Amino acid sequence: MRFYVDTSVWGGYEDKEFAEWTKPFFEQAKQGKFIIVLSDVTLGELNKAPQNISELPTIIPSQFLELTSITQEQFELANKYILEGALTQKFHTDAQHIAISTILKVDSLVSWNFRHMVNFFRIRQYNSINLKYGYSTIDIRTPKE
């Protein structure tokens, strides 16, 4: 299985509210139970985080980590989420995470972002837009799930 892991999950590693589920999630990744897809978008956000968070991707063995860079097609799909009203321009990076996950056809996008990602109504919006433009649906879950 391949999971796209957004920035909120990496940040949840040291967060009291989320560490209980985030740490075991990363332990499973370290054991090779699944592949973590890590984008340059996420790495860019992690560069702004404290060092203990920004360096977390290094705990995952390279054979269980898939690095990717956003493509023009993914950037354009992110723009469609905004043009169609699923997100505002202020949250363009969230749209990029969803677009990257969609086009890479990961098994799930994993996030702690309940406002813009792990949200039943928004997931329906993203999937409606995906289908409208010929893409497959996306599954979005928390590390707890």
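This is a predicted model: local features need pLDDT of at least 70, side-chain atom pairs count only at pLDDT 80 or more; totals for chains, interfaces and linings use all residues.

Student: OK, helix 2. What span should it have, and how far apart are its ends?
Tutor: Helix 2 covers residues 19-30, which is 12 residues. At 1.5 Å a residue it should span 16 Å. Its end C-alpha atoms are 16 Å apart, so the two agree.

Student: Which of its residues are buried?
Tutor: In helix 2, the buried ones are A19, T22, F25, F26 and A29. Looking down the axis of helix 2, they fall within an arc of 130°, so they line one face.

Student: What covers the buried residues of helix 2?
Tutor: The cover includes strand 1 (2-5) and helix 1 (7-12), along with strand 2 (35-39) and strand 4.

Student: And just after helix 2, what does G32 do?
Tutor: G32 takes a positive phi there, about 80°.

Student: What about a positive phi in a residue other than glycine, where is that?
Tutor: At K105, with phi near 55°. K105 sits in the loop between helix 6 (92-104) and strand 4.

Student: Is K105 buried or exposed?
Tutor: K105 is exposed, because its relative accessible area is 60% and the cut-off for exposed is over 50%.

Student: Switching to helix 7. How many residues, and what reach?
Tutor: Helix 7 has 13 residues. From first C-alpha to last it reaches 18 Å, close to the 18 Å expected at 1.5 Å a residue.

Student: Which residues of helix 7 are buried?
Tutor: I123, Y126, N127, I129 and N130 are buried in helix 7. Seen down the axis of helix 7, they stay within an arc of 160°, so these residues line one face of the helix.

Student: Which ones are exposed on the other side?
Tutor: On the other side of helix 7, the exposed residues are F120, F121, R124, L131 and K132.

Student: What covers the buried residues of helix 7?
Tutor: Helix 5, helix 6 and strand 5 (140-141) are included in that cover.

Student: Helix 5 against helix 7, then. What angle, and how far apart are the axes?
Tutor: Helix 5 (residues 72-83) packs on helix 7 at about 120°, with the axes 10 Å apart. That makes helix 5 oblique to helix 7.

Student: Is the crossing left-handed or right-handed?
Tutor: The crossing of helix 5 and helix 7 is right-handed.

Student: Which residues meet?
Tutor: L77, K80 and Y81 come from helix 5. They meet Y126, I129 and N130 in helix 7.

Student: Buried or exposed?
Tutor: H116 is buried, with a relative accessible area of 4%.

Student: What is M117 in contact with, leaving aside neighbours within four places?
Tutor: The contacts of M117 are D6, D94, H97, I98, L109, S111, I123 and I140.

Student: How far apart are M117 and I60?
Tutor: Their C-alpha atoms are separated by 24 Å, and the two are 57 residues apart along the chain.

Note on methods. Residues are numbered from 1 along each chain as its sequence is written. Side-chain values use heavy atoms; hydrogens and water are left out. Buried means under 20% relative accessible area, exposed over 50%, partly exposed in between (1.4 Å probe, protein chains only). Helices (H or I, at least four residues) and strands (E, at least two) are DSSP runs, numbered from the N terminus. The expected span of a helix is 1.5 Å times one less than its number of residues. The arc is that of the directions from the helix axis to the C-beta atoms. Contact means heavy atoms within 4.5 Å. Axes are lines fitted to C-alpha atoms, for helices over the stretch in contact, and angles run from 0 to 180 degrees between N-to-C directions. Angles under 35 degrees count as roughly parallel, over 145 as roughly antiparallel, 65 to 115 as roughly perpendicular and the rest as oblique. A crossing is left-handed if the near helix is turned anticlockwise from the far one by less than a right angle, and right-handed if clockwise.
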